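Colleague: I would like to learn how to read the helix packing and the core of a model. Could you take me through one?
Modeller: Gladly; here it is.

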Amino acid sequence: MTTATATATATASATTATTTARAASRPRLGPVPVLWLALLATPLAAGANAPVLILPDMARALGVSGSTATWLVASYAWAMAVGTPLLAGLLRRRGLRAALRVASALLVGGTLLVAASPWLPLTLTGRAAQAAGGAGLTAVAMSLAGSARRMGVISAGFGILGASGPLLGAQLAHAVSWRLSLCVSVIAVLAVPMVSRYATASATPTTPTTPAASAAPTAPTAPTAPGTAPGGRFDVRGAALLTAFVTALVLLPHAPVAALGSSAVAATLLALHVRRQPDGFVPASLIRKPLFLGSALLALALSGSYFTLLFSVPRLLADRAGWDAGTAGTGQLVALLTGSALSWLLAAASARMSRVAVRSVLVGVGAAAAAIAVFASWGPLLLVATVGGTFAATGANAVLSMHAASSAPDPQRPTAIGLFALCYQLGGAFGPAIATALVLAA
């Protein structure tokens, strides 16, 4: 060994030791507090439901019909469904900081568009950007939750803010402007600095294994969330095909014939692509696992049932029990809040329950809620159905998301959570259409 080489090696070793000592001396924070994760994720639900009671005001302000204004709701639902797996893929490939930056930029940029745009197309673009950004922050929060109990807090928060969204939107519209009602989801960015600080400070610093490796200069890399695998080529074609498939499914209630054909074509092309590229945007090994598929499909069913009840019960209360709109709205709000709060108890207890027991509870309560809604004519019983549907769907989001994530290896867990959330949110797209076909159009 030459003198120069020995000196370089010694210097590199000393530098490595100094860096390691400094990293060890830095204060290490624990997991991200769950309330910060809830703040990061749950404003999305309030933003989604805020327009429900103010659509006529929005239509008049934009100079469009009421049916056209409903696209402000549809565009948000579409972007939530599409944005969740896309931003989860970014989290997997580029890490926590990149996902937080992109999601925050989309949410803030979309909110500015919604606040200032005088035209419907720009407002639709802003709503879609808001939803995609919020979906990205939600994917980050779910990836960092780490347990069904913590996920239960996030999921219960979703239910509570989702239930409060219509009333909150109406109050803000009455006091200030309907545009402010559509901007409530932007408060999620308040949690971004704290989540980034905790998550990156909790990451274990890596140290080279050999002096030769430590002597080579390396570019700094952004810390990543647990379960992410930064780097790697992004599967653009797989992401585009999944987006096309989800778009066709979301449009199914609005243009059934065209959407059905488009979804069939997109599904076929996506399946062929997954066979050619099994480690791409939609991993073949993941979607073949019974635990993941069972969790995702059950969440889709329970979510669809919940959103069907959400839109049907107020009409059923009026038709069958003779309740006026105010009484029905207040009763449904209490039922939604109760079901969301009870779902956290299931999430907290799920660690001591088998998967079969958890799924039996979810399926049993969900089926009972649907049966009560079909046959009950007494108002309080219809509210009990709402409690059951909310409990089953919100509990499924909390517990089954952890089941879905556990079915995947660490590098694929953000993808598993993103695809699971996509299935859950598709229930939100199908539920209102089912309610319209079965109840609202009658």
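This is a predicted model: local features need pLDDT of at least 70, side-chain atom pairs count only at pLDDT 80 or more; totals for chains, interfaces and linings use all residues.

Modeller: Residues are numbered from 1 along each chain as its sequence is written, and side-chain values use heavy atoms, with hydrogens and water left out.

Colleague: How many helices and strands are in the chain?
Modeller: Helices (H or I, at least four residues) and strands (E, at least two) are DSSP runs, numbered from the N terminus. The chain has 20 helices and zero strands. Of its 442 residues, 48% are buried, where buried means under 20% relative accessible area, exposed over 50% and partly exposed in between (1.4 Å probe, protein chains only).

Colleague: Which residues have the most contacts inside the largest nonpolar core?
Modeller: In soluble globular proteins, nonpolar side chains tend to be buried together. A nonpolar core here is a set of buried Ala, Val, Leu, Ile, Met, Phe, Trp, Tyr and Cys residues joined through side-chain atoms within 4.5 Å. The largest has 84 residues, and Leu 40, Leu 137 and Val 140 are among those with the most contacts inside it. Helix α19 (residues 379-406) gives the most to this core, with ten residues. A second, separate core of 14 residues includes Leu 316 and Ala 373.

Colleague: How do the axes of α9 and α19 cross?
Modeller: Axes are lines fitted to C-alpha atoms, for helices over the stretch in contact, and angles run from 0 to 180 degrees between N-to-C directions. The axes of α9 (residues 148-175) and α19 come within 8 Å and cross at roughly 150°. That makes α9 roughly antiparallel to α19 (angles over 145 degrees count as such). Among the residues that meet are Gly 152 and Ser 155 in α9, with Asn 397 and Ala 398 in α19.

Colleague: And which residues of α16 and α17 meet?
Modeller: In α16, Tyr 306, Leu 309, Leu 310, Val 313, Pro 314 and Leu 317 meet Ala 328, Gln 332 and Leu 336 in α17. The axes of α16 (residues 290-321) and α17 (residues 325-349) come within 9 Å.

Colleague: Is Ser 185 buried or exposed?
Modeller: Ser 185 is buried, with a relative accessible area of 3%, and is found in the loop between α10 (178-181) and α11 (192-202). Contact means heavy atoms within 4.5 Å. Leaving aside neighbours within four places in sequence, Ser 185 is in contact with residues including Pro 43, Tyr 76 and Gln 130.

Note on methods. Angles under 35 degrees count as roughly parallel, over 145 as roughly antiparallel, 65 to 115 as roughly perpendicular and the rest as oblique.
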